[in-house]
Amino acid sequence: MNWTRKDLLGLEELSREEIELVLATAESFKEVSTREIKKVPALRGKTVVNLFYEPSTRTRVSFEVAAKRLSADVITILTETSSVRKGETLIDTGRNIEALKVDIIVVRNNYSGAAAMLARHVKASVVNAGDGWHEHPTQALLDIFTLKEKLGKITGLNVSIVGDIAHSRVARSNIWGLAKLGAKVTVCAPAILIPPGIEKMGVKVTHDIDAALREADAVNVLRMQFERDEESVFPQQLEYFKKFGITEERLERAKKNIIVMHPGPINRGIEMSSGVADGANSVILEQVTNGIAVRMAVLFLVAQANEQIKNENTD
Ligand code: CP
């Protein structure tokens, strides 16, 4: 199939075939990072701007590395040192970036729907690098890519997502993507961190961590998003670790080869023990490595589609 979208805004709107196309494209790009000269000319002459309104280590650096491996020119704008501090709106910033003849804007913003709004106002491709509590599509794609690489398939897998489901764009994107590819998803958290009606997304809900781990082929452990938790709805971090933290003892009662994932950054001793984070079941750093290939695939596909759209409009 052909990728026809100028933007990547979320996994909710993607078909199973589109997700599979991104994964297959990422697989073909993965080898580039093993070369002595880690570069292909796929996006030579294109310009990518990383526009980040929130802190980021993995996503920002990964998009930057991915764009450079495709030979694109890359500029990163951190909003605390930009004219955003002087009150410029997202749309004005986006239009000004576009006026600089930029081809792709990768945006992280604290408001759900910000990436979609920007995409409606610019002709450049927009890639959502995380918008509020809504979606973080490339994180879910790299999680799914890693799972497939480790377990050979997604269909029929039992995947448990544990932690701050309520505030998590990573959880939402993973649920959409995994469900479309035929995995069975369970979410596990204290009731206060499970959004009402989440079952409508096709997931099972449990508040029992041992039950969530018992049948799981993989567990994706989410970060507790203290910065979004202004009301301090779940302040007792040690209590959380006691009831929901992933520990070596809990893993001993799970499937022997259970895959342990985390999108990062980890709060060690709250979401999981250091022994688990650095242990034999953990693929956390492999997720980070796979993020490069997945983001190369996304940048390549949206750039190609946008080129096609522009050609059709000038014909
Ligand atoms: N997983 C993730 O989004 O990490 P960063 O916030 O460091 O980008």
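The entries below follow the order in which I looked things up.

Entry on the model. I noted before anything else that this is a predicted model.

Entry on the ligand's place. I looked up where the ligand sits, and I found that the space it takes is the largest pocket. I then listed the residues that surround the ligand, which are Ser-56, Thr-57, Arg-58, Thr-59, Arg-108, His-136, Gln-139, Pro-263 and Gly-264. Sorting this shell by class, I wrote down one nonpolar, six polar and two charged residues. I also checked the domains, and the shell takes at least three residues from domain 1 (16-135 + 291-310) and at least three from domain 2 (137-287).

Entry on contacts. For Pro-263 I noted a polar backbone atom, which is 2.8 Å from a nitrogen atom of the ligand. I then looked up the areas, and the ligand taken alone exposes 250 Å², of which the protein buries 91%.

Entry on the backbone. I looked up the peptide bond from Gly-264 to Pro-265 and found that it is cis, with omega near -10 degrees. Pro-265 belongs to the loop between β9 (259-261) and α10 (274-277). Turning to Ser-71, I recorded a phi near 70 degrees, which is a positive value in a residue other than glycine. I placed Ser-71 in the loop that runs between α2 (58-69) and β2 (73-78).

Note on methods. Residues are numbered from 1 along each chain as its sequence is written. This is a predicted model: local features need pLDDT of at least 70, side-chain atom pairs count only at pLDDT 80 or more; totals for chains, interfaces and linings use all residues. Side-chain values use heavy atoms; hydrogens and water are left out. A residue is near a molecule or strand if one of its heavy atoms lies within 4 Å of it. A polar contact is a pair of N or O atoms within 3.5 Å; within protein, one must be able to donate a hydrogen and the other to accept it, and residues adjacent in sequence count only if both atoms are side-chain atoms. Accessible areas come from the Shrake-Rupley method with a 1.4 Å probe; for residues, only the protein chains shown count as cover. On a 1 Å grid over the protein atoms alone, a cavity is a set of points where a 1.4 Å probe fits but cannot get out, and a pocket is an open set with protein on both sides within 12 Å along at least five of seven lines; lining residues have an atom within 4 Å of a point. A molecule sits in a cavity or pocket if more than half of its atoms lie within 2 Å of its grid points. Ala, Val, Leu, Ile, Met, Phe, Trp, Tyr, Cys and Pro count as nonpolar, Asp, Glu, Lys and Arg as charged, and the others, Gly among them, as polar. Domain bounds come from an automatic or database domain assignment. Helices (H or I, at least four residues) and strands (E, at least two) are DSSP runs, numbered from the N terminus.
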